[in-house]
Amino acid sequence: MPGRKWTVDEKMNIVLEGMVPGANISEVCRQHGVAQSLYYKWRDAFLTGGRAGLQSGPSTREQELEKQLQEAMSKIGEQAMEIDVLRKKSNWGRK
């Protein structure tokens, strides 16, 4: 029997409910039918994502996209130079 699918909002609300000062994690999990191990997995992922959101500077995804853009621009520049060389060679003997 497959497990229940939880939406992102449901997971977040359960995690936040468990993070309220004085909250009993066992009771929160029992109320929502969630295993404690799954709750802690969600909580750790939630906190990791929150840390990433608070970091200054570009995200890893932004850095990867910037790298891909630079590589593409470099390749375009190389191809433009090759086109210029080929044009000059083809016109060299035609004067």
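Analyst: One definition comes before the rest: a residue is buried under 20% relative accessible area, exposed over 50% and partly exposed in between, with a 1.4 Å probe and protein chains only. The model is a predicted one, in which local features need pLDDT of at least 70, side-chain atom pairs count only at pLDDT 80 or more, and totals for chains, interfaces and linings use all residues. Residues are numbered from 1 along each chain as its sequence is written, and side-chain values use heavy atoms, with hydrogens and water left out.

User: Is Arg43 buried, partly exposed or exposed, and what is the closest N and O distance in its salt bridge with Asp44?

Analyst: Arg43 has a relative accessibility of 27%, so it counts as partly exposed, and Asp44, at 38%, is likewise partly exposed. A salt bridge here is a side-chain nitrogen of Lys or Arg within 4 Å of a carboxyl oxygen of Asp or Glu. For Asp44 and Arg43 the closest N and O atoms are apart by 3.2 Å.

User: Over the ring of which residue does the charged end of Arg4 sit?

Analyst: Arg4 is exposed, at 51% relative accessibility, and forms a salt bridge with Glu10, the closest N and O atoms being 3.3 Å apart. A charge sits over a ring if NZ of Lys or CZ of Arg is within 6 Å of the ring centre and within 35 degrees of the ring normal. The charged end of Arg4 is 3.9 Å from the centre of a ring, that of Trp6.

User: How many residues apart in sequence are the parts that the pair of Trp6 and Trp42 ties together?

Analyst: Rings of Phe, Tyr and Trp (its six-membered ring) pair if their centres lie within 6.5 Å, planes under 30 degrees apart counting as stacked, over 60 as edge-to-face and the rest as tilted. Trp6 and Trp42 are edge-to-face, at 5.6 Å centre to centre and 70° between the planes, and both residues are buried. Because Trp6 lies in the segment before helix 1 and Trp42 in helix 3, the pair ties together parts whose separation in residues is 36.

User: What is the angle between the planes of Tyr39 and Tyr40?

Analyst: Tyr39 is buried at a relative accessible area of 1%, whereas Tyr40 is partly exposed at 31%. Their rings form an edge-to-face pair, 5.3 Å centre to centre, with an angle between the planes of 80°.

User: Which helix supplies the largest share of the nonpolar patch?

Analyst: Patches are made of residues with over 30% relative accessible area and no salt bridge, like charges being joined within 9 Å and nonpolar side chains (Val, Leu, Ile, Met, Phe, Trp, Tyr) within 5 Å. The patch of about 380 Å² is made by Met12, Leu16, Met19, Phe46 and Leu47, and helix 1 (8–19) and helix 3 (36–54) each supply at least two of its residues. The largest share, three residues, comes from helix 1.

Methods:
Areas by Shrake-Rupley, 256 points an atom, 1.4 Å probe, with all protein chains shown as cover. Helix = DSSP H or I, 4+ residues; strand = E, 2+ residues; numbered from the N terminus.
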